[in-house]
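Subject: Handing over a structure, with notes on what was found

Dear colleague,

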Amino acid sequence: MTFSIVARSADGESWGVAVASKFLAVGSAVPAAVAGVGAIATQADANVAYKGLALSHLDEGATASVALQRLIEEDDGRDHRQLGIVDVDGGAATYTGPACLDWAGGVTGDGYAIQGNILAGEDVVLAMEAAWLESDETLPLADRLMAALAAGDAAGGDSRGRQSAALLVVRDGAGYGGHDDIAVDLRVDDHTDPIGELGRLLELHELYLTASREDEKVAITPELREELEAFATAGGHRDFHAWVGTENYEMRVAPDLAWIDERILDIVRGGARP
């Protein structure tokens, strides 16, 4: 009832899963990942216990293929399961039980596993693979996963229709404030265009929850700081720091006001808000 891609970034620093389905809140069941360990998608008649078990096997040093084999050997319901795993080194494995409903199957390559069931046809996973391989390896993993997911949808996706989608990416220290490994964790639980909506949320995530690159930072001079403080107080805020906190732009303005992201400065100066 689902199509997904599990992958590691080309630089070996990120792991993630993108998934879509005619199923409510697919992100609550299918994806799991831990930085420096690997990632998994469990679907069809999903055994959600696979998530913790697979990551445990990978953490203990098992390859993706070994972890997958251990999971299905221990599960009497394996004929109805489908899963994809990518390990710490980018090794990949996919499995489709013989009882999964047509079309069902998957493909693997260096650093990725793509699989789906009840699909419009094999073209869905082949289109996802092509989009993954054709995408720029220097792009963030989230963007590459989204490109593959969108390609699968365009090729027919889930033959029953659309309902939900999710994106999970992990990287050491990538979480809010650097306190965990969650780089991206977005879910669209019930929507007529879940992948399109997921893409919109990813754009917002990039603005609000991704740190500014060096080339996006504008140094705050005394004159600019005066302008920023005047803007904030004119809007009823205590100071510019208070405005930044109110608008959730903490990742885009230096705590000591040494710099401001060029997009935030544009908003201050009358640009369109997201």
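Which helices and strands each supply at least two residues of the lining of the largest pocket? Before the answer, a word on the basis: this is a predicted model, in which local features need pLDDT of at least 70 and side-chain atom pairs count only at pLDDT 80 or more, while totals for chains, interfaces and linings use all residues. Residues are numbered from 1 along each chain as its sequence is written, and side-chain values use heavy atoms, with hydrogens and water left out.

The pocket

The elements in question are α4 (141–154), β9 (164–171), β10 (182–188) and α5 (194–209), where helices (H or I, at least four residues) and strands (E, at least two) are DSSP runs numbered from the N terminus. Of these, α5 gives the most to the lining, with six residues. The largest pocket holds about 780 Å³ of space; a pocket here is an open set of points on a 1 Å grid over the protein atoms alone, where a 1.4 Å probe fits, with protein on both sides within 12 Å along at least five of seven lines, and lining residues have an atom within 4 Å of a point. The volume is the space filled by probe spheres set on the points, which are joined across faces, edges and corners. The lining comprises 34 residues, and those nearest the centre of the pocket are Pro140, Leu141, Arg171, Glu206 and Thr210. By type, the lining divides into 13 nonpolar, ten polar and eleven charged residues (Ala, Val, Leu, Ile, Met, Phe, Trp, Tyr, Cys and Pro count as nonpolar, Asp, Glu, Lys and Arg as charged, and the others, Gly among them, as polar).

The salt bridges

Glu206, one of the residues nearest the pocket centre, also takes part in salt bridges (a side-chain nitrogen of Lys or Arg within 4 Å of a carboxyl oxygen of Asp or Glu), of which the whole structure has 18. Glu206 pairs with Arg263, the closest N and O atoms being 2.9 Å apart. Because Glu206 lies in helix α5 and Arg263 in helix α8 (residues 262–268), this pair ties together parts that are 57 residues apart in sequence. Glu206 is partly exposed at 27% relative accessible area, and Arg263 is likewise partly exposed at 30% (buried means under 20%, exposed over 50%, and partly exposed in between, with a 1.4 Å probe and protein chains only).

Glu206 forms a salt bridge with Arg252 as well, at 3.1 Å between the closest N and O atoms. Arg252 sits in the loop between α7 (240–247) and β12 (259–261), 46 residues from Glu206. Arg252 in turn meets Asp261 at 2.7 Å, N to O; Arg252 is buried, with a relative accessible area of 0%, and Asp261 is buried too, also at 0%. Shared partners join Glu206, Arg213, Asp215, Glu216, Arg252, Asp261 and Arg263 into one network of salt bridges.

The sheets

Six strands form an open sheet in the order β7-β8-β1-β2-β9-β10, with antiparallel pairing (two strands pair if DSSP finds at least two bridges between them). Its edge strands are β7 (105–109) and β10, each pairing on one side only. Within this sheet, β1 (residues 2–8) and β2 (residues 14–21) pair over seven bridges, and Phe3 has Ala20 in β2 as its bridge partner.

Another open sheet has four strands in the order β3-β4-β5-β6, again antiparallel. Here β3 (31–34) and β6 (92–96) stand at the edges with a single partner strand each, so one side of each is left without a neighbour in the sheet.

With best wishes
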